[in-house]
Amino acid sequence: MQREELLVQLLREQGRVPLDEQQMRLQRAAIMRQVRAVQAERSASWAVRLRERLGAWVAEPKYGLALLFLVLALVQLSGRHAPESEQAVYVDVRGPAVEPIEDEGLDAYPDLPENLRLFTPPTGGDGTVMPAEFEFK
Amino acid sequence: MAEEDQEPEIEDQELVRLAQEGDTAAFSELVDRYHSRIYTLTFQMTSSREDAEDLTQEIFVKAFEALPRFKGRSSFYTWLYRIGINKTINYRKKRNRNRPVSLDAMEQEVTSEENYHSLSSKGSPLRNVSLGELQKKLNEAMEGLSEKHRTVVVMHDMQGIPHDEIAKVVGVSVGTVRSRLFYARRQLQTELGDYV
């Protein structure tokens, strides 16, 4: 008999597992009990589960702190990976929009002749233009 | 595999669909169909009845929890087996200690097999070896295999699952399964050199 064949036969014999039918039935029943428990938990309402979770979070603040840390880390990471253009601060220097003034009903300034003298001619000796009301002594 | 040869009244697919909709009776039928095979697998992988019972329970509960995500790309049996193998390997990794099956219990179990007696009377070297000693040695040799090699030996040589089915469960090619089996057998032969 070949050594390998002998080994395979030996393994096959070693692999035979006598099953106790009564024991197997009890096990299957235990499995189904757990399965039904899982099913019942699954169908519990979201509100109940949320309340339970919240209670656990209050009782164990470390989970809340851990979540906060995680959120901050995510925010930090998202900022690091964002494109540079999005990191710049945008400032609008134009200021608020101004409404145009309605000129209806306003008197138009009269057109003045180009040679109209607005100031009186200088009276000083050094050619300084003085306002008309200034009285030179 | 013998159980699978019988044509079931309701196909696995239909039972899976019903179980996915929350029908626990349908899942109970699946448990009845595959319980003994999963138990045998875990027992052969762990060499401990208590561990096999606990693991079998965990595997079925895990399967029920994961059932909504089962898309039916493979057969339910293959999918269940994959869960079983992964859970058992993880368990063995955690265990960190070898706990071979009680030799007294093994001797009682195997000496009752007619096949062993015929095997030991065919002029093989086994006839001169104490059964308990041989089983202990084989058990030690099996414990010495890596998880992936042990898995293939258990599935093929102990459970009689064909290469292509093992390949699907383990997620490797058929060639890799053959290669692992070849390597594992060679290592076992080396370990059992004085006996086999």
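Predicted model: local features only at pLDDT ≥ 70, side-chain atom pairs only at ≥ 80, totals over all residues.

Residues are numbered from 1 along each chain as its sequence is written, chains are lettered from A and ligands numbered from 1 in the order in which they are written, and side-chain values use heavy atoms, leaving out hydrogens and water.

**Exercise 1.** Find the residues that touch the most other members of the largest nonpolar core.

*Solution.* Start with the term: a nonpolar core is a set of buried Ala, Val, Leu, Ile, Met, Phe, Trp, Tyr and Cys residues joined through side-chain atoms within 4.5 Å. Buried means under 20% relative accessible area, with exposed over 50% and partly exposed in between (1.4 Å probe, protein chains only). The largest core has 54 residues, and B:F27 and B:Y81 touch the most other members.

**Exercise 2.** Classify the ring pairs B:Y39 with B:F43 and B:F70 with B:W79.

*Solution.* Recall the rule: rings of Phe, Tyr and Trp (its six-membered ring) pair if their centres lie within 6.5 Å; planes under 30 degrees apart are stacked, over 60 edge-to-face, and the rest tilted. The whole structure holds eight aromatic pairs over all chains. For B:Y39 and B:F43, the centres are 6.5 Å apart and the planes at 15°, so this pair is stacked. Both B:Y39 and B:F43 are buried. For B:F70 and B:W79, the centres are 4.7 Å apart and the planes at 35°, so that pair is tilted. B:F70 and B:W79 are buried too.
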